[in-house]
Amino acid sequence: MAVEAEQSLVLKCPTCGASIAISPEDLVITCSFCGETMEAGGKKIPDHKMLPSQERSAIQANIQDFLRKNKIKEGASIEEVKASYIPWWLVPFSSQTHYYGVQNGTVTRQKTETYRDSEGKTRTRTVSYSVPVYKPEEGDFARSGRENVIARKHTVFYGFDKFASTIFLENIEAFDFQKVKQHDAEFINAEVDAHEAQQDAYGRVENQNRSIAASKVSKLVRCDSKVTLQYPTYVHAPLWTARYKFQGKVYKVSAAGDSGKVVKGEVPLTLGRRLLNLIIGLSIMVVGGIIAQIGFQSGQVVDQEGWYIAMIIGLVFMGISFMCTSTAFRMQLEKSDRIKKPPKKKAQAAPAEATAPQPEA
Ligand SMILES: [Zn+2]
């Protein structure tokens, strides 16, 4: 009884009066009845924003698409499609940096040396040589922008890491509880408050400034950053998770709410596919071995260069072969859609390609 009381606390919503169960780690809480968002002490969070989500049907269609692309055609049934709104703090910053360092350079000097020519006479000639020099350098730069800080310390959602690394928080809009409610979504409360998010952002901005300064000189001696932070914006962003059943087994898949793309999904490997991987892998290994062998032989007779090239090709083949054969001994893979940065809502600029996650082979 005592333990239970410690694990969950009850907070009374100042807006609708409902009792909300919270955990002791929750520092910012969203009322699941009216959507009011407040600190654990009851103080309201200003400027609560959200990243809008696509409809459930669109998410489901995308997951179907993902399964089809990964050759899971028949008999897969998608279950438990659920949206969770995960909290972020967006911390606006501006910074001024002054740095001191040393720049390496060389100067060319000349000297006269004596030598004997082919007839044995002593002659002199002028030769150039270079000497390293170090000159002090200092400079300033200003940098401003926004740091996105995840407001969770323990996040156990499948695919969350991929979601966090590909999320694009430009298209946020005012928080609308009705929109969230229609998805029957769950709110995740923040375990990181505004102050802690600012501290986190401060450290990151300082580190980034330091590495920018370090890239401007050969050796960085001192770097002073003055960082100014504004009060952060609290944002909830939707991650959809689902399960699907295929040949009697259950697999996980998750999709980003804004783009609807699958950020991570388990893909079972059928026996046929695993055998195919094994055969391809072994074939590549044999071919790589033959190339390396031919290169080795020709290198002994002809030149060194051919031998190096053949060695490199051989090693590349070995690598590919290893990837194929190791896949043959695995039961499932993890894959994702190509995730592109969505276009900005009021953008004039063309949408740029985001870093697309590679499928985890
Ligand atoms: Zn409420």
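Student: How do you know that the length of helix H5 agrees with its number of residues?

Tutor: Helix H5 has 23 residues, and at 1.5 Å a residue it should span 33 Å; its end C-alpha atoms are 33 Å apart, so the two values agree. The expected span is 1.5 Å times one less than the number of residues. Helices (H or I, at least four residues) and strands (E, at least two) are DSSP runs, numbered from the N terminus.

Student: What kind of model is this, and how are its residues numbered?

Tutor: This is a predicted model, in which local features need pLDDT of at least 70 and side-chain atom pairs count only at pLDDT 80 or more, while totals for chains, interfaces and linings use all residues. Residues are numbered from 1 along each chain as its sequence is written.

Student: Which residues of H5 are called buried, and what do they pack against?

Tutor: The buried residues of H5 are Ala-194, Ala-197, Gln-198, Ala-201, Val-205, Asn-209 and Ala-213. A residue is buried if 20 or more other C-beta atoms lie within 10 Å of its own, exposed if 12 or fewer, and partly exposed in between, with C-beta atoms placed from the backbone. These buried residues of H5 pack against strand S6 (77-116), strand S7 (122-150) and strand S10 (219-229). In the chain of 361 residues, buried residues make up 24%.

Student: Why is Asp-193 called partly exposed?

Tutor: Asp-193 has 18 C-beta neighbours inside 10 Å, and therefore counts as partly exposed. Asp-193 is found in the loop between strand S9 (186-187) and helix H5 (194-216).

Student: What is Asp-193 in contact with, beyond its neighbours within four places in sequence?

Tutor: Asp-193 is in contact with Leu-27, Val-28 and Glu-39; two residues are in contact if their C-beta atoms, placed from the backbone, lie within 7 Å. Asp-193 and Val-28 are 165 residues apart in sequence, yet their C-alpha atoms are 6.6 Å apart in space. For the chain as a whole, residues 24 or more positions apart account for 72% of the contacts with a separation of 6 or more.

Student: What is noted about the phi angles of Asp-47 and Lys-71?

Tutor: Phi is positive in both, near 60° for Asp-47 and about 65° for Lys-71, and neither residue is a glycine. Most residues other than glycine have a negative phi.

Student: What makes a group of residues a nonpolar core, and how many residues has the largest one here?

Tutor: A nonpolar core is a set of buried Ala, Val, Leu, Ile, Met, Phe, Trp, Tyr and Cys residues joined through C-beta atoms within 7 Å. The largest has 44 residues, and those with the most contacts inside it are Ile-63, Trp-89, Val-149, Ala-151 and Ala-197. Strand S11 (233-246) is among the elements that give two or more residues to this core, and S11 gives the most, with seven residues. Val-149 touches, among others, Trp-89, Ala-197 and Ala-201, residues up to four places away in sequence not being counted.

Student: How do you know that S11 and S12 pair?

Tutor: Two strands pair if DSSP finds at least two bridges between them. S11 and S12 have eight, in the antiparallel sense, and Arg-243 has Lys-252 in S12 as its bridge partner. Their hairpin has two residues between the strands, and Gln-247 takes a positive phi near 50° there.

Student: How many bridges join S12 to S13?

Tutor: Three bridges join them, and the strands run antiparallel. The bridge partner of Ser-254 is Lys-264 in S13.
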